[in-house]
Amino acid sequence: MTGFDPLAILRTLNEHEVRYVAIGGLAATLYGSPLTTGDLDICPAADSGNLERLAAALQALDAAIYTDRDPNGVPFVPDADFLGNAEVWNLVTRAGRLDVNFTPAGTGGYPDLVRDAVRFELDELEIPCASLRDVIRSKEAAGRERDRRALPTLRRLLAALEEQERSE
Amino acid sequence: MDGGTLIREARLRAGLSQQALAARLGTYQSVVARWETGASKPTMATVRRAVRAAGFDLSVSLTPIDDDHDRLIGDSLRRSPTERIEDLVARLELEERLHEAVLVP
């Protein structure tokens, strides 16, 4: 078992009323990407109230800091001030890997991504999700090898969805 | 993605209003609006000029078609978002089991 349960992480974020959008590979999966991803990426709003709620959610998820040397995570106590001190948090939780990125590459962060975000509903769980175009934009800007490999598939997916939309 | 969408994306990324981009291009806000809404179709040269006016370069590349992408995408689009997540988790579990497999001498 991988222990990766993205819906459990998302449910916890929602229960704590965190304002965020899902981005990255898991967001692409929701749109229909057949690519495999082993973590959940989110971009939260960076205001202090939201950081408080995010910190509470991360505590409920037993979040620890992920490092290559210690995949089980380095324990930390998330609090709003601490979270606000970094742009990216690579975490491991009791439901699997979670990357928190306040300004994903090529974007202006939450206010930018929420503009075109959509909501998926899964078993009464609402998931705010960056638009597929924004997911692609961020991967293009990040330019990491794994992002570059994913781009042809994601662009084809976007074209297929646009075609589907036109024919409806 | 069409040319108007590219122009809109470049403009928004640059934090420009339609009016501001139009001014940089020496044209009217209504022209930019028509490109962005698809009411008129800008040429490739116009898209490049508009994108550059927003501070970006347009990079176009050719990639060989891989039919496998279409088959996998088609399969995935026939599933609900819930089934897509379940499928992802199942694939990860299978990968993990395969990694744990031991070669029998």
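**View 1. Left-handed crossing of H6(A) and H7(A) in the predicted model.** Helices H6(A) and H7(A) cross with left-handed geometry (the near helix is turned anticlockwise from the far one by less than a right angle). Helix H6 of chain A covers residues 132-142, and its axis lies 10 Å from that of H7(A) at an angle of about 160 degrees (axes are lines fitted to C-alpha atoms over the stretch in contact, and angles run from 0 to 180 degrees between N-to-C directions). The two helices, H6(A) and H7(A), are therefore roughly antiparallel (angles over 145 degrees). Helices are DSSP runs of H or I with at least four residues, strands are E runs of at least two, and both are numbered from the N terminus.

This is a predicted model, in which local features need pLDDT of at least 70 and side-chain atom pairs count only at pLDDT 80 or more, while totals for chains, interfaces and linings use all residues. Residues are numbered from 1 along each chain as its sequence is written, and chains are lettered from A and ligands numbered from 1 in the order in which they are written.

**View 2. The side of chain A that touches chain B.** In this interface, 21 residues of chain A contact 20 residues of chain B (C-beta atoms, placed from the backbone, within 7 Å). Contributors of at least two residues each include H1 (6-15) and strand S7 (118-122) of chain A; H7(A) gives the largest share, 5 residues. The predictor assigns the complex an ipTM of 0.75 and a pTM of 0.74.

**View 3. The two domains of chain B.** Chain B comprises domain 1 (3-53) and domain 2 (67-100), with bounds from an automatic or database domain assignment. Their centres, taken over C-alpha atoms, are 38 Å apart.

Terms used: Two residues are in contact if their C-beta atoms, placed from the backbone, lie within 7 Å. Angles under 35 degrees count as roughly parallel, over 145 as roughly antiparallel, 65 to 115 as roughly perpendicular and the rest as oblique.
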